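Biologist: Please show me the model, and then I will ask about it piece by piece.

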Amino acid sequence: MPPAVQPLRRMPKPRLTGLGGGLFALASMFLLACVCRLLFDESVPAYGLLFLPVSAATALWVRPADLVTAPISVPIAFAVGVLPIAGGSESFGGHVMGVVTALALHAGWLYGGTLVAGLIVTVRKVMIMSRRRSRR
């Protein structure tokens, strides 16, 4: 095993419940959106790009019993996180339109992150099933 990989192997593997994974994704995306809002301004592509590693981390860290929750919770986290960067006018209707517009502009990132989470979860499930089958 390469020496650079050894410290990574010793690190504890976080195992989040379905709710914990959803809260992790939600808090991460909201904080990243706030940082994007402070550094840049309104709706920026950096938010969508940051969604991909959060989706991957959520899918990797959720425990095996709750694998199905990761691809469901990450799009919800994306939508909640878009609130700070949505823009729009001061009225409620204007803010809702800003959120809808931001979601439409970032739809590719949203689909991509959901696909990343879905692929990781699928690979993890197949690996778990193959391990169980080989034990028998």
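The questions below go from the overall fold to charges, contacts and surface patches.

Modeller: This is a predicted model, in which local features need pLDDT of at least 70 and side-chain atom pairs count only at pLDDT 80 or more, while totals for chains, interfaces and linings use all residues. Residues are numbered from 1 along each chain as its sequence is written, and side-chain values use heavy atoms, with hydrogens and water left out.

Biologist: How many helices and strands does the chain have?

Modeller: Helices (H or I, at least four residues) and strands (E, at least two) are DSSP runs, numbered from the N terminus. From that end the elements run α-α-α-α-α-α. The count is six helices and zero strands.

Biologist: What percentage of the residues in the chain is buried?

Modeller: Buried means under 20% relative accessible area, exposed over 50%, and partly exposed in between (1.4 Å probe, protein chains only). The C-alpha trace spans about 60 × 30 × 25 Å along its principal axes. Of the 136 residues in the chain, the buried share is 32%.

Biologist: Why does arginine 63 count as partly exposed, and why does aspartate 66 count as buried?

Modeller: Partly exposed covers the range between the buried limit of under 20% and the exposed limit of over 50%. Arginine 63 counts as partly exposed because its relative accessibility is 35%. Aspartate 66 counts as buried because its relative accessibility is 15%.

Biologist: Which backbone nitrogen lies 2.9 Å from a polar atom of the side chain of aspartate 66?

Modeller: Aspartate 66 sits in the loop between α3 (45-61) and α4 (70-81). A polar contact is a pair of N or O atoms within 3.5 Å; within protein, one must be able to donate a hydrogen and the other to accept it, and residues adjacent in sequence count only if both atoms are side-chain atoms. The side chain of aspartate 66 makes such a contact with the side chain of arginine 63 (2.7 Å). The backbone nitrogen in question belongs to glycine 18.

Biologist: How far from arginine 124 is the nearest side chain of opposite charge?

Modeller: Lys and Arg count as positive and Asp and Glu as negative, with His and the chain ends not counted. Side chains of opposite charge can pair when their charged atoms come close. Arginine 124, found in helix α6, is buried yet has no salt bridge. The nearest side chain of opposite charge is that of aspartate 66, at 9.5 Å.

Biologist: Which backbone oxygen lies 2.8 Å from a polar atom of the side chain of arginine 124?

Modeller: Arginine 124 has no salt bridge. A polar atom of its side chain does lie 2.8 Å from a backbone oxygen, that of valine 62.

Biologist: Which residues gather in a patch of positive charge on the surface?

Modeller: Patches are made of residues with over 30% relative accessible area and no salt bridge, like charges being joined within 9 Å and nonpolar side chains (Val, Leu, Ile, Met, Phe, Trp, Tyr) within 5 Å. The place of a charge is taken as NZ of Lys, CZ of Arg, CG of Asp or CD of Glu. One member, arginine 131, is in helix α6 (residues 107-135) and is partly exposed, with a relative accessible area of 44%. The patch consists of Lys13, Arg15, Lys125, Arg131, Arg132, Arg133, Arg135 and Arg136.

Biologist: What accessible area do Val35, Leu39 and Phe40 have together?

Modeller: Accessible areas come from the Shrake-Rupley method with a 1.4 Å probe, and for residues only the protein chains shown count as cover. Valine 35 lies in helix α2 (residues 18-39) and counts as partly exposed at 41% relative accessibility. Together the three residues form a nonpolar patch on the surface with about 310 Å².

Biologist: How far apart in space are glycine 81 and tyrosine 47, C-alpha to C-alpha?

Modeller: Glycine 81 is found in helix α4 and counts as buried at 0% relative accessibility. Glycine 81 and tyrosine 47 are 34 residues apart in sequence, and their C-alpha separation is 8.9 Å.

Methods
Salt bridge = Lys/Arg side-chain N within 4 Å of Asp/Glu carboxyl O.
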